[in-house]
Amino acid sequence: MNRLTMFFSLLLIAVLATPLSLAQPSSYRARLSEVPVTPQDYQSITGVGEVFATLSGNTLTLNGTFEGLSSPATVAHVHNAPKAMNGPPIGAIEVTAARSGEISGSLELTAEQVQALHSEALYIMIHSDSNPGGEIRGWLL
């Protein structure tokens, strides 16, 4: 086999293998911690948690746990904003209505939201009775 034939054979293998590698699920993790939404929230928020996420195609699947909230969780969302910024929710996910529990869900993301995820601009926020604006959050990295 001459060099030119070998080069084109390797190039063909690389081109054919590329779509398979792009289709592989991507994994992410968020460490949930106390991040005050306003200065007034600083004294009333508590808790920690961890969420694991997998992106397969445009489907984001999330599973995790949390504990130590100041009051029972009411709702959880995935939000879109760069690190240390507040942003709008893009979808609700399930959360145990207690001070400790589980968080899970699945969302279909738009192409822009997938790009935000790759850019580390999606975060998980758990809201609670005493902190309806949000008690703990963490960015998916």
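How many bridges join β2 to β3? Nine, and the two strands run antiparallel. This is a predicted model, so keep that in mind as you read.

## The barrel

Now zoom out from that strand pair. Eight strands close into a barrel, and going around it the order is β1-β2-β3-β6-β5-β4-β7-β8, with antiparallel pairing. From one strand to the next, the twist averages 25 degrees.

## The nonpolar core

The largest nonpolar core holds 27 residues, and the ones touching the most other members are L62, I124, I126 and L140. Two or more residues come from each of these elements: the strands β1 (26-34), β2 (48-56), β3 (59-67), β4 (73-80), β5 (89-95), β6 (101-108) and β7 (122-128), plus the helix α2 (111-118).

Take I126 from that group. Setting aside neighbours within four places in sequence, I126 is in contact with L32, F66, L69, A73, V75, A76, V95 and I103, and also with G134, E135 and I136.

## A buried serine in a loop

Between β3 and β4 there's a loop, and S71 is found in it. Is S71 buried or exposed? S71 counts as buried because its relative accessible area is 9%, under the 20% cut-off.

What is S71 in contact with, leaving aside its neighbours within four places in sequence? The partners are A98, R99, S128, D129, S130 and E135. E135 also turns up in the contact list of I126.

Key. Residues are numbered from 1 along each chain as its sequence is written. This is a predicted model: local features need pLDDT of at least 70, side-chain atom pairs count only at pLDDT 80 or more; totals for chains, interfaces and linings use all residues. Side-chain values use heavy atoms; hydrogens and water are left out. A nonpolar core is a set of buried Ala, Val, Leu, Ile, Met, Phe, Trp, Tyr and Cys residues joined through side-chain atoms within 4.5 Å. Buried means under 20% relative accessible area, exposed over 50%, partly exposed in between (1.4 Å probe, protein chains only). Helices (H or I, at least four residues) and strands (E, at least two) are DSSP runs, numbered from the N terminus. Contact means heavy atoms within 4.5 Å. Two strands pair if DSSP finds at least two bridges between them. Axes are lines fitted to C-alpha atoms, for helices over the stretch in contact, and angles run from 0 to 180 degrees between N-to-C directions.
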